[in-house]
Amino acid sequence: AAAEKGGFDTFMEKEIHDQPQAVGDTLLGRTDAEGRLMLDELRIDEEKLRAVDRITIVACGTAAYAGTVAKYAIEHWTRIPVEVALAHEFRYCDPIVDERTLVVSISQSGETADTAMAVRHARSLGALTVSVCNTHGATIPRESDAVLYTHAGPEIAVASTKAFLAQITACYVLGLYLAQLRGETFADDAKSVMAELHTVPDKIASLLTSMDRVEEIARFMSDTRAVLFLGRHVGFPIAMEGALKLKELAYIHAEGFAAGELKHGPIALIEPGQPVFVVVPGPDTPNDLHKKVVSNIQEIRARGARTLVVAQEGDEEVTPFADEVIRVPHTSPLLQPLLTVVPLQVFALHLSTAKGLDVDQPRNLAKSVTVE
Ligand code: G6P
């Protein structure tokens, strides 16, 4: 078993360290010699894809947060409206779906019953269905019109890590492909985004070598009762995922919020000593989002929060208001989730370990939920 864990104590830790490869392998073979996206593997009539006028992403749990990251990127690149629906809600909300709707399901196992039923329902309404899946030949890809496999390799730990990064990567690839196919003027940029994506695995690897302080913070927090996570733009689903990881692994009450929502309620939760993770957008994010999140940090700090700030290397503006700064390498704004989630995964892992819990098999959870 030790060999299976690649020398790590738990599958989850191994899988966190598999992430550079999971992203790299998911990019592999999906571009031609000129760097243009090439997804013949979809085997869908290109005309049908060109005609798509709305996209609905269906998924559960971590996969749904990958879907929310994907929404920001796909809408930006393709200008097609994208909605993200929890699979178990989608079926019962009388969804608006027709033959020009692309329903993208995201599932590591490909066996999640809620997601499989959402896909069946979408197909019965005439939608085009694409499965983003990590498991060859699983139910969901079999029952979809097309499949785009993530190549994260088998994920054993119940809490998803490398599959999440691979799902985000596959959705970027899909979004860029749709943009290229529709002849958005954007097509040239698709190449440069792909070129940048290819640099991300090395950045994740280097980030993973600088996690000692995160581990230490986690160890000191083993009796913490609640942790909040704030993020904005693509950092918002990452805040949600950071909170989910902590619930799943450390059984700590954790909530993720959109930073802009703070003053509309959650700020009432801030009392002296309350730990708050803040995922800070890079300083080059449009619309001054960086500045806005820095001022959110100031607001909660003024009320006594203990601020644990995930920020880009070189971002010094956050430093005066941060109790801890966790640095991540630079990427363009839409690609940041591939890096910012990593310290949050590592934090949850070590907090779980510090509490003496079973990291790989948290109580009450199943890797794949095959009943509704
Ligand atoms: C379960 C797991 C989660 C996972 C979710 C979706 O609840 O505990 O970690 O995110 O299912 O799984 P899927 O296989 O569809 O991605």
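**Exercise 1.** Which residues on the other side of α13 are exposed?

*Solution.* The model is a predicted one, in which local features need pLDDT of at least 70 and side-chain atom pairs count only at pLDDT 80 or more, whereas totals for chains, interfaces and linings use all residues. Residues are numbered from 1 along each chain as its sequence is written. Helices (DSSP runs of H or I, at least four residues) and strands (DSSP runs of E, at least two) are numbered from the N terminus. A residue is buried if 20 or more other C-beta atoms lie within 10 Å of its own, exposed if 12 or fewer, and partly exposed in between, with C-beta atoms placed from the backbone.

Begin with the buried residues of α13, which are Leu-289, His-290, Val-293, Val-294, Asn-296, Ile-297 and Ile-300. They cover an arc (that of the directions from the helix axis to the C-beta atoms) of only 155° around the axis, which puts them on the same side of α13. On the other side of this helix, the exposed residues are Ser-295 and Ala-302. Finally, the elements that cover the buried residues of α13 include β6 (226-231), β8 (275-279) and β9 (306-312), where two residues are in contact if their C-beta atoms, placed from the backbone, lie within 7 Å.

**Exercise 2.** Determine how the buried and exposed residues of helix α11 (residues 212-220) are arranged.

*Solution.* The buried residues in α11 are Val-214, Ile-217 and Ala-218. Their arc around the axis is only 100°, which puts them on the same side of α11. Asp-212, Glu-216 and Phe-220 are exposed, on the face turned away from that buried side. The buried residues of α11 pack against β9, β10 (324-328) and α14 (337-354).

**Exercise 3.** Is Ile-267 buried or partly exposed, and which residues does Ile-267 touch?

*Solution.* Ile-267 is located in the loop between β7 (253-258) and β8. Ile-267 has 16 C-beta neighbours inside 10 Å and therefore counts as partly exposed. Not counting residues up to four places away in sequence, Ile-267 touches Leu-262, Glu-299 and Ile-300. Its C-alpha atom is separated by 8.8 Å from that of Arg-303, 36 residues apart along the chain.

**Exercise 4.** Identify the contacts of Val-309, leaving aside its neighbours within four places in sequence.

*Solution.* Val-309 is among the residues with the most contacts inside the largest nonpolar core, which has 123 residues; such a core is a set of buried Ala, Val, Leu, Ile, Met, Phe, Trp, Tyr and Cys residues joined through C-beta atoms within 7 Å. Helix α8 (residues 162-181) gives the most to this core, with 14 residues. With those neighbours left aside, Val-309 is in contact with Val-278, Val-280, Ile-297, Val-318, Ala-322, Glu-324, Val-325 and Ile-326.
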